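Thanks, everyone. Let me put the structure up, and then we'll go through a sheet and some salt bridges.

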Amino acid sequence: MPTTRRQFLSLAGGVTAAGTIPIVTLRPLEATPAMLNTAIRNVVGEAQIRTGRVKLDIPPLVENGNTVPMTVSVASPMTATDYVKSIHVFNEKNPQPNIGNFHLSPSSGRAQVSTRIRLADTQKVVAIARLSDDTFWQAMADVVVTLAACTEEMN
């Protein structure tokens, strides 16, 4: 049976309408403490994380979460046998819990990274350093944010 014009137009209209529907990926609007722990475990595995040797320099109170200065430094001689392999920074409430991964070598000279980050709300920030002997060290800071970032108003 041949296709009529009416059947063709209704089929074409249905395909066009289906093509305009966006594909929506559902994810939480903010990370949860469980997501933070999972992100940290993805980096360190089952290794023990010690406190110390890492200094997280971040303001305890920020007016605007869109640009928060942060510096992570690690006490390390940065020699060929004793150096920092990587520095990882995590947060508790942004949509993505992993802020950044920085890979270093003995030729880096200093075990220090500085950047600006966005913070969605008042939250905990965690910096973890992996040393050349495969030990992990951490520092944590609580940051109070008065004007949140990582959010968009719905009109």
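One cut-off before we start: buried means under 20% relative accessible area, exposed means over 50%, and partly exposed lies in between. Keep in mind that this is a predicted model.

Now the salt bridges. How many does the structure hold? Two. Asp 134 takes part in one with Lys 85, at 3.2 Å from N to O. That pair links distant parts of the chain, 49 residues apart. Asp 134 sits in the loop between β8 (123–131) and β9 (136–147). Lys 85 belongs to strand β5, residues 84–91.

Asp 134 also meets Arg 130, side chain to side chain, in a salt bridge of 2.8 Å, N to O. So what do we get? Lys 85, Arg 130 and Asp 134 are linked in a network of salt bridges.

Lys 85 has 28% relative accessibility, so it counts as partly exposed. Arg 130 has a relative accessible area of 29%, so Arg 130 is partly exposed. Asp 134 is at 39%, and therefore partly exposed as well.

Next, the sheet. Three strands form an open sheet, ordered β2-β4-β7, with antiparallel pairing. Which strands are at the edges? β2 (54–57) and β7 (112–117), each pairing on one side only. Neighbouring strands here are turned by 15° against each other on average, ignoring direction.

Look at β4, residues 68–74. Six bridges join β4 to β7, and the two run antiparallel. For a landmark, find Val 68: it stands opposite Ile 117 in β7.

Key: Residues are numbered from 1 along each chain as its sequence is written. This is a predicted model: local features need pLDDT of at least 70, side-chain atom pairs count only at pLDDT 80 or more; totals for chains, interfaces and linings use all residues. Side-chain values use heavy atoms; hydrogens and water are left out. Two strands pair if DSSP finds at least two bridges between them. Helices (H or I, at least four residues) and strands (E, at least two) are DSSP runs, numbered from the N terminus. Axes are lines fitted to C-alpha atoms, for helices over the stretch in contact, and angles run from 0 to 180 degrees between N-to-C directions. A salt bridge is a side-chain nitrogen of Lys or Arg within 4 Å of a carboxyl oxygen of Asp or Glu. Buried means under 20% relative accessible area, exposed over 50%, partly exposed in between (1.4 Å probe, protein chains only).
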